[in-house]
Structures are given as C-alpha cells and as structure tokens.
There are 2 protein chains.
Amino acid sequence: MKEIEGKKRATIDNVLPQINCGKYPIKRVINEPVRITADIFVDGHDKLKAAVLFREVRSGTSGQWKEYPMQLITNDNWEAYIHAREIGNYEFTIAAWVDHFSTWQYGLKKKYEDNQDIAIELLIGAEQIENTLSNPSISGAHKKSLQQALAVLDANENEEKTVAYMLSDELSDLMALLNDKEKVTIYPKNLPLKVELKLALFSAWYEFFPRSAAQEEGKHGTFADCERVLPEIAKMGFDVVYLPPIHPIGEMHRKGRNNATVAGSGDPGSPWAIGSKEGGHKAIHPKLGNFSDFNGLVKKAESLNLKIALDFAIQCAPDHPYVKEHPDWFTWRPDGTVQYAENPPKKYQDVLPVNFETNDWENLWKELKSIVDFWIDKGIKIFRVDNPHTKPFSFWEWLIREIHSKNPDIIFLAEAFTRPRIMEKLAKVGFNQSYTYFTWRTTKEELQEYVTELTQTAKREYFRPNFWPNTPDILPSTLEDKEEPSFLISLILAASLSSNFGIYGPVFEFGLNEAYPGKEEYIDSEKYEIKVWEWEKKTKIKEIITRLNEIRKENTAFQSTYNITFCEIENPNIICFSKIDDENDNRFLIAVNLDPHHSHHGWVKVPLAAYGLKSGEKFIVHDLLSNEKYTWDQEWNYVELNPYKMPAHLFRVETA
Amino acid sequence: MKEIEGKKRATIDNVLPQINCGKYPIKRVINEPVRITADIFVDGHDKLKAAVLFREVRSGTSGQWKEYPMQLITNDNWEAYIHAREIGNYEFTIAAWVDHFSTWQYGLKKKYEDNQDIAIELLIGAEQIENTLSNPSISGAHKKSLQQALAVLDANENEEKTVAYMLSDELSDLMALLNDKEKVTIYPKNLPLKVELKLALFSAWYEFFPRSAAQEEGKHGTFADCERVLPEIAKMGFDVVYLPPIHPIGEMHRKGRNNATVAGSGDPGSPWAIGSKEGGHKAIHPKLGNFSDFNGLVKKAESLNLKIALDFAIQCAPDHPYVKEHPDWFTWRPDGTVQYAENPPKKYQDVLPVNFETNDWENLWKELKSIVDFWIDKGIKIFRVDNPHTKPFSFWEWLIREIHSKNPDIIFLAEAFTRPRIMEKLAKVGFNQSYTYFTWRTTKEELQEYVTELTQTAKREYFRPNFWPNTPDILPSTLEDKEEPSFLISLILAASLSSNFGIYGPVFEFGLNEAYPGKEEYIDSEKYEIKVWEWEKKTKIKEIITRLNEIRKENTAFQSTYNITFCEIENPNIICFSKIDDENDNRFLIAVNLDPHHSHHGWVKVPLAAYGLKSGEKFIVHDLLSNEKYTWDQEWNYVELNPYKMPAHLFRVETA
C-alpha cells in the first residue's frame, strides 16, 4: 500500500485539452486563452476546491507553479482559463482537495434553515478556525480577522447574525486562502502547452515566383527585381512573402513548359527540382543573385514590415550534389539507376525522394536540419514545407523540436493536402500552420461543416488552418473560367473564415482563370516558365485584398479562427457567421453570397445574446467593405447581396 | 537522437478502447469479443500491415504475445477482434510496419495496367523474394514456393501470367508470413483488459429479507426458513439471491417502523444499522442462525444453482464493536459524541460513517478487506455494495484489485444512484456491475436515450448495468398505486433491455404498490419490520418472471446488453428494439407498450438487413411470451399491444 495515498479523496479525471494523452502539446499564441476543464469529484457530500497549476518549462529548469482557481460548471465538470504572455513551452496540471470549512458552512446553513440546534456546529466551526490560526505563518490583518470570527462564534449573541458572519464571503475567502490544503490530489500528468508568436495565428501570405519579377520579356527575375515588387505587396497589407525554392534547378530530366517530360532549350525547369552542379539546398540559383542580394531582399522586406518565407522541399534533382556525396540517402534500382519519385502509375523523373529508411538516417536528419539552420542564419523565420506528409512524422517531430529549442519564433507551414489523420498528425508533431481543404469546400453546407470541424472539435487545440483560394498547383473549379465575383467570394471567405490566409499572385489579383485542359492547374504555369507581370496594375480584386487586410488589422475579431459561430439564414446561397472578440469589444456579422452569378437575399437570425444585445434593442451594423450603416432592432434581419457590386457584408456590430 | 527510432515510419494513434489513457481496464466476460481500432498510417504512399498483440498478464510473469492481423476499414482506421477464453487480466497493443512487398505489388499492378515497361520492376520483386529466402529459417514447402516464384520472374515467359502470379493471394500471404518484419512500430502502451465470469454480464437477481422468511406472524425468519423459500426463487429462474445485511443490528438510536426516530419495543431495526454487542460485520444476527445454519443455506442454494449475494455496507451502528476498538476510525464532535451520518438537514442517527481521512487508514482498509475475505471464506462470491459512492474511489480500486488478485471470480455490484461521473468512476475502478437510473426512465425517449448512452458510448467498455424495477428503498411512481400491467412493463423492460436485472421480492411479484405518503418508498417497509409472506402464492407477474428467465436462458441474444438497436415505430407509447446474436443465430424483435392503461398499435420498421433478410423475403416472428407466430414479408409491420393481456411481444425472428 506504499504508493497509495489513502487519505486523498478528491478525484480528477478527463482533463482537457490534452492531445494523445498529453504526448503532444496544445498550441496557443501569446495572450490567447486556454480553457481547461476536468471532471472533479469526491465520495460523499463534502465540498471541493480545485485549481489549475501552470508553469513555464525551460530545458533543465522549470518556472514556479502558479495557481488558478477552478469553477464548477455542471455535472462535476470544472473550468479555469489560463494564458501566457511569452512564447515558450509551458505545462499545466490540476489540484483538488476536500474543503472542510465549506463543507461545514454548507451544513451550518442547512441545519440553521431547518431550525436545528446548531450549538455543536458552532463549536466545530470554531475548532476549524482555531486549527487555521495555529499556523504560525498567519499574522497581521489575517490573524485579526480570524480572531474576530472566533469571538463572534464564542459570544454568539445573535444566532442569525453569527450564522450570516460564518457564511460571509469575507470569511469564506479568507479561510480558502489561509486554510492548510491537506490531502491535495494532484492530477498525475503535466500536460504540455506551446505558446507561439501571434503571427502563427494571424497572418496574410503572398506567394510569388521571384524569377517572374523582371520587367522585360525573356529576362530572369532577380532578388533586386523582387525588391522593386515588395512595396506593391506591402501596400496590399500582407505580412508574409513566400518564395518557391530559390535554389539551383536540376538539368537532368528537367521538365519543360506545361510539365512536358522533356524541356526545351532555355526552359528554366521547376524550382522544386532542387540542386545541380551549381549547388543544392544551401545554394542560390545564380540567376536570382548571390547571398548579398538575398540579404538585401530580406532587409528590404523588413523595412516594409514583411517577412520572407522560404520553401523547404526535401527532394533532389538527379544532379543534386547529395546524390554523389550521399548515394546511401537514395534508393538504387537493380539496373544501377536511382529511384525517382512516383505515385504509380505517375512518374516524377526530375525529382528523387530521399530514402528515410537509410541506415545513415541520423546523418541525413542532421544534414536536413542544417539546411533550416542555414537559412535561419540568413534571416529567414518562416518555412513553407513542401509535401511534409511524404517524410516520416518522427523526423518532423524531432526537427521542429530541435529548431524551436534554439529559435522558438520559427514558423513552419505544412503543405499537405492529404488524408485527415495525416494532416492532423503533422500539426500534432509541431507544424505551426497547415494548408487545408478550404480550396475545395464551396457550398454553404461544406464550408460550415469543415469550419466547424476545424474550430469546434479537438483540432482547434493544435491545428491552425491557413486558407488559400489558389496555389501554383491549384486553380480550383470555383475560379477556372470565372469572373471577378468568384475571386472576391473565395478571397473574402478565406480572409474572414480563417485568421491565416494566403494567395498566389499576381495571377490571383489579376483574375487569371485559364486551366490546363482537364486539370485543376494553371495553363502555362509559372512552375515551368518565366513570366513578366505588370505589378502596378490596379484591379478591383487588389483593392478588396487591400481593404480586407486593413479590416483584419484594425479589428481583432478577425485575428482568431476559433471565435466563429454560424448563423441561420434561409437562403442556401448565403453563408452567414459571427466573429466575436468580447475582450476588445469587436463584434462582426458576416454574410457572403456564394453564387457569383446572381443576387441573393434572405433573412438572417442575428445571435443577439452573443452580441450582448437585448431583444428590441437598437444596434448598428456597419459594413466595413461598403462603409454603409444600418440600424436594426430585430432578431431576424434582411440582407441582399449582388455579387457584381460586392458579394459580402462585413458588418461590424456597433451600439446605436 | 538515441531514443529515437528513425527508421520506423508507421504511426499508430487513437487506439480504442482505452479508458482514461489506459489507466483502467476495459471489461469483458469469457468469449465476449473486443473490437480494437486504431488510426494507422505512414508517410508517403507505401503499404502498411498491422496487428493487435494480445497476451495474458499474471503477477510476476506474462503470457506470450499472440498476433491478430488488423484490417483497414476507412480513413486510416484499422480494426481487429480479440477475445479471451478464461477469466483474468490481459493486455493488448498494436504493431504496424511498412510492407515493402505489398508496396511493390501495388506499383507493379499500376504500371502494368498503364502499359509501362516493367522489366526493372520484376528485378526489384526478385530482389525482395531473394532477401526473404536468405533467411536460414525458411525451408520445406515455403522455400520451394519462393524459389518457384523466383523462377517465374526469371523466365517471365508471359508477362500477363508473371504479373498475375506476383499478385496472387498465395504469394501475398506467403510473403506476409515469411517476410522479415523490419522497422516495426509498436504502440507505446499496453492497454489492460479484464475478463470476468459470464455471470458478471448475464444474471437475474432476487432480493429478499431473510427475517421475513418465517411462516408465522411475529416470528423472526431464520436461515432454515430461507432454505424453504429458495426453491420458489429457483423455480422463477433466478441466478443470484441477494440478502440485505445479515449481521447483528444496533440497539442505540435504532429506527422504528416507517423510519421512526425512536424504535418501539420489539422493533427489529434496519439491517443496515450494522453491529451491536453481539458483533459486527463478521457476525450473524443471532435470530437468523449460526455459521452452521449459514453454511446450510449456501449449500442449499448451490444445489438449486443459486448463488447467495451478501450486502457489504461500510457503516456502523453506534454500538458496533469498532466504535470502542477503533475510535480513531470515526469522527468525534466537540461535545464528545460520535458523528452520525447526515446529508444536511437529514440525519441518520442509527448509523455512523467511517472516517476515511483517519491517520490509521491503512489498518482501516485492511480490516474492511478482511470482512470481504471472511465471507468469501464462508462461500460467498457476490457482494452488493451499499452506497459505494460515499467511500473513497481509491479504496475500492485497491480493495477490488486485491480481492481479484486471489479470487478473480468475485462479483461486486455497486449500489450507487448518484451523479453520472461518480457512477462511471465506480465502474472504472473495478465494480463488475452497477445499479442504474433505469428505475426512473419511463418514457420511450428517456429509455432510448439512456440505453443508447449505456450501450453505444465508451461506457459499454467498462460499465455493466443491472436494471432493477424496485428495491427496498424505491417504490417508483411507475409502480405506486399501479396494477399488474405496470409491473409487467417494468419487468419486461428490465429483463430485455439489460442482460443483468433484478427485483426486490416478494413485494414485486405480489404487486405491492402502496407508498409512504409523499415518498417514493414502500409503506410499512421491511427495512424496519418483519413480514410474513405467502411464498408459494401464484401471480401472473410470477408466471411472467419465470417465462422471461426461461427465455433469457434459452436465447443468447438476451445474454448481452450491448447488442441492442432501437427500431422506428410511429407510436410514442410503444418502444421497439432488436437484440441480435449473429454467432448463435439468435435474433429478436421486441415491442413493449409503455402505457399500462390503454391498448396501442403502430407500424414498426423491421431492420431487415440486420436480421440477414432481403426485402420481400418471408420470415416468421415467433412471440415467445404468447407462443404466437406471424409470417411477415415487409419492412414495415403492424403490432398491437393490449397491456391487460400482455404489454409486450418478444418476437424471435425465424426463417420462414
């Protein structure tokens, strides 16, 4: 019976949130609250108290536990909120104990109300207060208050007043504070929490091909050209500029335009076919510039409040230096050739996968980590990771943990469009943001179901969506051959449903919509050829991007993904939802017409209580897109949306 | 990187069932299957194999792992079924690995279908088979088969035939069997399973007061009288005879008839006020008999295939010997009196609760365990535990584990009618059966919701319901002042919704229905006085009890609680459900009229597919209560139930 703590009677079960029984941390950004709940109870009728214990975890040492009292909600389920003010690793657990003073208070009240003799009850209370007073550390005002309570009990001049004094909040709080917490049950696990940069939760990404930044037809763009383009992107209000791989491109089996198996002379190849005799993942494509030019670009971005994100794609062109230097990192076929990537019957001859089952896996992992370290050293803090789901999860878990142990402010975005459990796993092992199925969720029902899954299930604790209407790999059917309203609809949905969103430009803001026949991909894709763009061109899409990014920055309700609630509206073409940040008095009602071709109208049920409004109370809905204001005072209100004018209302709910 | 197993790429997550992250065992009885599921996946496109590993756990030593192949269901979720043939403690875990041969087969198939050159593919396959053959332990027929496969590959006389040979089930199975399972991922937890007696899942209980077994008014029943009563109970088909406490009853503060605070002279007191100068929990009330008489009763029961269950109530009358021998096991008040049980403002002066926060808790626990051991030694294998929720959960966890470590066939029934989390906890810490809220679930909606919660949620893994229409403490409003049909309805519901059920008799089969005014309790309750019953009296309720117990014994579908599915029927007064045991071809459709006063009819939707029936196929429904048979051939069928005739159909679904 040695390991049993027989006198500790409180039970703590079902502590949430916890991911895989505490194996993986839940995630938050700075100041983002965590609601912690647990089933806490004791045998019999005694009263309980409980608290969350919370502390920072540093390698080697740990912070002091801080205590946050929990409240009983219902059915033995208790809650408390915590948050952290700095990035880092934290842990929490729960303490619960039988509170004999509250138990005594409860009994005293019931017996007094039942007109029972309470003389002995009062003696029992006095005993408890005396016990507390016997603690030598209690002094000053606290000691005086307890002595006074004892005197009241002793004298008991007026039973009604004595009982009221004993049940007072002052005495309850004081006894809760001073009472020796004996026999405290501690939940046996410390559950991990990782607190990250706010940028991990709230960001607007812009992807472009640096080689398309030149101003002349036939010229390969350079980092200097990119510096010229950055102010245009900054003006639109983006935070992150993500560049596809900037490394030398393989010449062996290079792909031609429109993914042709054989490249024409002068075809630049896909940037994802990384490595040539000019270097691999730590080299820069010579036509983009050198490290000094790269440094210039990073500095220019910084000056515009932009962050450069690089692509981390673990794959090699057949002429990548690794193939000769580390042949055992690749798979060799019986005919002496090296195995290229394939998803039978599809073949990708221009890229070689790395064999993670190699016996030399430790050196492979270290070398891959050194690539990330290399670019961190060059000023990069954000990595968009290409196809992470084709590399082992244990590798990512190790890599991200190692990187974050020295650089906790690095952000990794997982580019995985694959099966749900796999996308979840990547988020669990540490990716800060994840691509999603948003691009293919088009109906109201699909969007509501998917966003509910992302925001109202356990996923909300560790999976941070990043919504992209398009990418260089995807021109979805919602945009193919479609006009401006379609682009606006998917843009507004991405930027308002998710606090992280991104576009691949400038094809997006220019409304390019032609697909390769039979494929969900752009025709004449920049993946295989160099383009020249009129970067300064004004479009309505660009104007709305700019406005949306302004609105998102000025209104905190858009800075979380998890504060959404869908609202009833009787038209299946209109999706309607609230985004509420009570702490900053920032409340929105958003309605989007999903039909790019027709006007739609309907009656929306405004969740008045959620906005802190009473039925019949007047309030203003202020559309931050059109700047129009309406005064409403009913629960059900009329909206009408013409997609050619503007497919959405972004109503800020304001007091009238 | 030492603790990382870099080359093991398979991932195993979300293994179910597990209770509190594997802290508590899931429960089964002998031969009852466990469906084990897990999310299993790997990076990339490689094919996986997975298996459940299962073994017995004995103290000090453990059995050999046995392997059960898992099948992919959908969305990376895999399943397998296991079961155990003996009671005891078991554990299971999961192994998963990349299967390179299946991966190769998949690629070969796709490439061949795409008309690609497969020459090198065939070489790769040959390499794999050669690798397998290089294992010196492979010989005989296996070796020959592999050599033959190699020869087919080598010759490749007909590409179509070669590919077919390589994809054949024979070769697949052989390679799966012989292939070295390299880089196997093992789920890091061994999850516990406790396998118990079938009686833990399938039992019919009969409770009676032994002191009411005498034949003469004013006489205290004896164990000898009980022996006379047992055959009547056996005839009704019960398995378990549960006796309220048989110990000496306290004289101090003894309760009188109808729970009067002061007992009249000659009042026998409540059997739950345990202990007097005549002894405590290890003594027998002198008027019931001595240990030799008790032994006679146990033997008589055995001869009738009945098991005696005793009450284990941890509480003491004020004159229990423990109070003087172990004053520190009780709470003493400032006036020098001992604290009696209370739930303010209610007082229970005739019983003292034990103070589990005593510093002497280890001796207290040991003494309490010695009570259970004492009665096990006297031939008792079943304990109905009184109010377990007012004693610490850690005590029960320890007690039941200790008892089961030497006597794994002991059954504990938790008499707790309290909050859901607490009832769940008692089941988790080891109680084999639990009282439920059944007694207060009366409408169709309530019954369906409650039974669904018990059978279709995680509760099914550890919480075994025992349904009681009445107890000495509860005469529910469904029976109060009600006639025979009400008794039949609640009886049939209990005996068919739950494989464990019980009644408190003979008041139940005699249809006693008078409550103490304003209370949900019997008037002139046997708890406080001695009755004389006409045990041999025949009633319709008794006849139906007998028939129900026969049906339950002859039809395995009634021997589990978890095989239930509710069926649609358009009348809110009729509840309808299937109970199916496919393994034993035993399938039921049950309809119960919940209205004791009126006939009801309706159209029930028969779940044809669940019964293995095709639409339009004829089948017989054979009512085992009335012995009537109907031939049906439609999905929707008419039923009509007159409660005065018989409020239920127990249709066995038979082939026409």
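Start by colouring chain A by domain: the assignment, automatic or from a database, gives domain 1 (1–98 + 183–196), domain 2 (100–178), domain 3 (199–246 + 284–314 + 359–557) and domain 4 (564–655). Select domains 2 and 3 of chain A; their C-alpha centres lie 63 Å apart.

This is a predicted model, in which local features need pLDDT of at least 70 and side-chain atom pairs pLDDT 80 or more, while totals for chains, interfaces and linings use all residues. Residues are numbered from 1 along each chain as its sequence is written, chains are lettered from A and ligands numbered from 1 in written order, and side-chain values use heavy atoms, without hydrogens and water.

Next, show both chains. In chain A, 64 residues are in contact (heavy atoms within 4.5 Å) with 64 residues of chain B. Across this interface there are 12 salt bridges, each a side-chain nitrogen of Lys or Arg within 4 Å of a carboxyl oxygen of Asp or Glu. Select E121(A) and R333(B): this salt bridge has its closest N and O atoms 4.0 Å apart.

Move to E453(A) and K459(A), whose side chains meet in a salt bridge at 2.5 Å, N to O. E453(A) is partly exposed at 29% relative accessible area, and K459(A) is buried at 7% (buried is under 20%, exposed over 50%, partly exposed in between, with a 1.4 Å probe and protein chains only).

Finish in chain B with E415(B) and R384(B), a salt bridge of 3.5 Å, N to O. E415(B) lies in strand β18 (residues 411–415) and R384(B) in strand β17 (residues 382–386), so the pair ties together parts 31 residues apart in sequence; strands are DSSP runs (E, at least two residues), numbered from the N terminus. Both residues, E415(B) and R384(B), are buried.

Methods
Helix = DSSP H or I, 4+ residues; strand = E, 2+ residues; numbered from the N terminus.
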